[in-house]
Amino acid sequence: MLTRFAFPLGEGQTFTNPGRPIVAISPDGTQLVYVANQQLHLRSISDLHVRPIAGTQVTLGILNPVFSPDGQSIAFHSLKDQTLKRIATTGGVPVTICPATNPIGMSWTQDSILFSEPGKGILRVPAAGGTPEVVVSLSQGEAAASPQMLPDGASILFALA
């Protein structure tokens with residue numbers, strides 16, 4: 001099924017950090033989240049109304065938003081304190097998952113978050129928070145981006161540069 005719709009930003013909004021991932025679609029395809037004016041905004045695909053997610057206002061950037069498998073939470077990278085965080089789609093206080101200096105893409109599996117870090121490879125951290133573990137090592141000078149767990153639960157797809 002193909003769905004097309006207009007995606008105008010709200011008045012006064014501009015995408016923040018457009019060179020990085022700033023839009024994510026929920027696993028069920030009914031919602032999208034994007035980063036504009038240094039804050040996460042949530043929109044239902046079937047609605048024109050956009051709602052800022054309370055608790056995500058920051059002075060230094062948000063990158064890499066990704067939905068949880070159930071679509072009820074969003075993980076993102078906070079440039080302000082160099083961490084991965086998660087927050088309910090209804091808003092609230094973001095919870096720190098782990099330190100992360102410069103993730104280049106993220107994905108959320110059932111119970112963990114995959115992300116890439118230059119010089120470190122592909123890492124996995126429990127979605128509830130904890131210490132990241134390296135799951136794919138890279139050679140000197142290589143960089144990985146946009147890691148995604150494949151349906152078999154054991155294979156990871158990513159771009160290599």
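I begin with the term that my strand entries rest on: two strands count as paired if DSSP finds at least two bridges between them. The model I am reading is a predicted one.

E10 and E11 run antiparallel to each other, and I noted six bridges for the pair. The two strands form a hairpin with three residues between them, and in its turn Gly 119 has a positive phi of about 80°.

I then followed the chain onward to strand E12 (residues 133-136), which pairs with E11 in the antiparallel sense over three bridges. Here Leu 123 has Val 134 in E12 as its bridge partner. The hairpin of E11 and E12 has six residues between the strands, and Gly 129 takes a positive phi near 115° in it.

**Nonpolar cores**

Which residues have the most contacts inside the largest nonpolar core? I listed Ala 75, Leu 84, Ile 97, Met 106, Ile 113, Phe 115 and Val 125, in a core that has 13 residues. Two or more residues each come from strand E8 (95-99), strand E9 (106-108), strand E10 (112-117) and strand E11 (121-126). A second, separate core has 12 residues, and I wrote down Ala 24, Ile 62, Phe 76 and Ile 87 among them.

I went back to Val 125 for its contacts, leaving out residues up to four places away in sequence, and found that Val 125 touches, among others, Leu 84, Ile 97, Ile 113 and Phe 115, as well as Gly 130, Thr 131 and Pro 132.

**The aromatic pair**

My search for aromatic pairs returned a count of one. Phe 15 and Tyr 34 make an edge-to-face pair, with 5.9 Å centre to centre and 85° between the planes. The pair links distant parts of the chain, since Phe 15 lies in the segment before strand E1 (23-25) and Tyr 34 in strand E2 (residues 31-36), 19 residues apart.

Gln 38, in the loop between E2 and strand E3 (39-44), has a positive phi near 60° although it is not a glycine. Its relative accessibility is 25%, so Gln 38 counts as partly exposed.

Gln 82 is found in the loop between strand E6 (73-78) and strand E7 (83-88), and its phi is likewise positive, near 55°. Gln 82 counts as partly exposed because its relative accessibility is 28%.

Key
Residues are numbered from 1 along each chain as its sequence is written. This is a predicted model: local features need pLDDT of at least 70, side-chain atom pairs count only at pLDDT 80 or more; totals for chains, interfaces and linings use all residues. Side-chain values use heavy atoms; hydrogens and water are left out. A nonpolar core is a set of buried Ala, Val, Leu, Ile, Met, Phe, Trp, Tyr and Cys residues joined through side-chain atoms within 4.5 Å. Buried means under 20% relative accessible area, exposed over 50%, partly exposed in between (1.4 Å probe, protein chains only). Helices (H or I, at least four residues) and strands (E, at least two) are DSSP runs, numbered from the N terminus. Contact means heavy atoms within 4.5 Å. Rings of Phe, Tyr and Trp (its six-membered ring) pair if their centres lie within 6.5 Å; planes under 30 degrees apart count as stacked, over 60 as edge-to-face and the rest as tilted.
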